[in-house]
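Please look over the sequence and the structure shown here before reading the report that follows.

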Amino acid sequence: MNDGDLHVRRLASAADALPFAPLTFPTFHRTLFALGHESGPVMLGASRRGEPVGLALAIVKSDTAQLLSLAVATHARGTGIGGKLMVELESILRGEGVARMELNFTDPNATSEAWRRLLRRAGWSEPTPRMRLFTLGRGSLETVARARWMSRQEPPVDCALFPWTDLTSAEEGELRAEVGPDSWFPPVLSPFAMADPIDARLSVGLRYQGRVAGWLIAHRIAEGTVRYTSLFVRQVSGLRGAGLVLLAESIRRQLSDPGRDVAATFGIEIQNPLLAFAERRLIPHVEVVALRTSFTSGKWIEPGHAS
Ligand SMILES: CC(C)(COP(=O)(O)OP(=O)(O)OC[C@H]1O[C@@H](n2cnc3c(N)ncnc32)[C@H](O)[C@@H]1OP(=O)(O)O)[C@@H](O)C(=O)NCCC(=O)NCCS
């Protein structure tokens, strides 16, 4: 597509994508550089007079495309580039037989209003809340560490905590082989869901009767900020309360390194019972630096589909 000075084109190789990398989060750089490989992403770049000003990045699984990132350079926002990238991306994906597009976005943020308008205009479903996202100050972790539920946490019988870096390669192989729609953990909470290197000090695993049955995986997402990315414990009666044991251990580890971390961020899915616990027992007692919600939206794009 060529609209005056604006040029929107599909990017075909990692070399093509390189100049657009600053327009997406570092966490997606690995995906971006898989361009050109089978099952690689679909990427569109928008340039104005040769300067990269917009990027859309999607991955396709079976007949559904997940829009991972859509961003326009700060100085070029509000001039229709985001809308154009959406229209063009939809048309390419439809041409490739994709039936549906989906995406998640965070609200509030500096551009969430533009994002909502863009989705509405493009005929996407009304966004629905998916996950609550909390960012706590470091002082909050100290408060949490003094809470009664923290000091009461002992691993249940037959359970042992271990640093995630001690996971054996046999255990890793077994878990990786189990990732899928029928696995005992949701793929989104897989310890390997994020390609980024984990925080070795704060990530903790749990073995139950000698087998891996839970984990808390943490990532350092910015200087001074740790993200508690996934906390999961197998649904077995002997493991009740083990999630809090993992959480308590990781928080203790974070606090044992004074001065380094100023904030911790984590998300809890809307239908997870832990959300009520966090909102009742945690949030009222701590300094919440930011409280956001991740929304999800989608659009059927296959010809003839009535949405
Ligand atoms: C969201 C984003 C991609 C929109 O790109 P854009 O090129 O500015 O969007 P457009 O110019 O096509 O405008 C889209 C709609 O938002 C509206 N809009 C643009 N800037 C706005 C602003 N500052 N406040 C409110 N609405 C705004 C436009 O009027 C338009 O709505 P309309 O069609 O009803 O008139 C861009 O703001 C951005 O890069 N944000 C940061 C990255 C991000 O958060 N991405 C989403 C999650 S991956």
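## Helices and ligand shell

Helix H3 passes helix H4 in a right-handed crossing, where right-handed means that the near helix is turned clockwise from the far one by less than a right angle, and left-handed that it is turned anticlockwise. Helices (H or I, at least four residues) and strands (E, at least two) are DSSP runs, numbered from the N terminus. This is a predicted model, in which local features need pLDDT of at least 70 and side-chain atom pairs count only at pLDDT 80 or more, while totals for chains, interfaces and linings use all residues. Residues are numbered from 1 along each chain as its sequence is written.

The contact is made by Gly-82, Gly-83 and Met-86 on the side of H3 and by Ala-114, Leu-118 and Arg-121 on the side of H4, with two residues counted as in contact if their C-beta atoms, placed from the backbone, lie within 7 Å. By class, the residues of this contact are 3 nonpolar, 2 polar and 1 charged; here Ala, Val, Leu, Ile, Met, Phe, Trp, Tyr, Cys and Pro count as nonpolar, Asp, Glu, Lys and Arg as charged, and the others, Gly among them, as polar.

A second pair consists of H5 (residues 138-145) and H8 (residues 242-255), and H5 passes H8 in a left-handed crossing. Leu-141, Glu-142, Val-144 and Ala-145 of H5 meet Ile-251, Arg-252, Gln-254 and Leu-255 of H8. The table sets out the geometry of both pairs, with axes as lines fitted to C-alpha atoms, for helices over the stretch in contact, and angles running from 0 to 180 degrees between N-to-C directions.

| Helix pair | Angle | Axes |
|---|---|---|
| H3 and H4 | roughly 40° | within 10 Å |
| H5 and H8 | about 130° | 10 Å apart |

H5 and H8 are therefore oblique to each other, since angles under 35 degrees count as roughly parallel, over 145 as roughly antiparallel, 65 to 115 as roughly perpendicular and the rest as oblique.

Turning to the ligand, the shell around it has 20 residues, of which Arg-77, Gly-82, Gly-83, Thr-111 and Ala-114 come nearest; a residue is near if its C-beta atom, placed from the backbone, lies within 6 Å. Strand E5 (64-72), helix H3 (81-95) and helix H4 (112-121) each supply at least two residues of this shell, and the largest share, 6 residues, comes from H4. The shell divides into 8 nonpolar, 8 polar and 4 charged residues.
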